[in-house]
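Hi,

Here is the structure I promised to send over.

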Amino acid sequence: MMNNIKASEAPRFALCICNDGYPAALELHKAYPMLPDAVGERYGMVRIVDESGEGYLYPQEFFQPIEVPQGIGELLLRAS
């Protein structure tokens with residue numbers, strides 16, 4: 001799923017601050033890649049590439065968006 005991020009887009013990340021109901025899919029305090037999803041955002045959801053390696057919708061309140069330098073973001077993507 002990671003290939004959905006365009007090379008021209010800076011990867012966005014969010015820190016997991018709640019994993020209620022999803023302990024196998026989300027690790028607390030881990031930074032996850034976020035994918036654009038305008039429809040999900042209208043419903044208070046964010047698309048996160050979780051532990052399965054696929055992008056799924058989760059409640060926005062489960063995550064805190066974080067800024068990472070571009071070079072670090074690329075390293076995080078490779079490690080995912």
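Strands here are DSSP runs of E with at least two residues, and helices are runs of H or I with at least four, numbered from the N terminus. Two strands pair if DSSP finds at least two bridges between them.

Before going on, please note that this is a predicted model, where local features need pLDDT of at least 70, side-chain atom pairs count only at pLDDT 80 or more, and totals for chains, interfaces and linings use all residues. Residues are numbered from 1 along each chain as its sequence is written, and side-chain values use heavy atoms, with hydrogens and water left out.

**The sheet**

Strand E3 (residues 45–49) and E4 are joined by 5 bridges in the antiparallel sense. They belong to an open sheet of 5 strands, ordered E4-E3-E2-E1-E5 with antiparallel pairing. E4 (55–59) and E5 (63–66) are at the edges with a single partner strand each, so one side of each has no neighbour in the sheet.

**The cysteines**

How many disulfides are there? The count is 0, taking a disulfide as a pair of cysteine sulfur atoms within 2.5 Å. For Cys16, the closest cysteine sulfur is that of Cys18, 7.0 Å away and therefore too far for a bond. Cys16 is buried at 0% relative accessibility, and Cys18 is buried at 19% (buried means under 20% relative accessible area, exposed over 50%, partly exposed in between, with a 1.4 Å probe and protein chains only).

Best wishes
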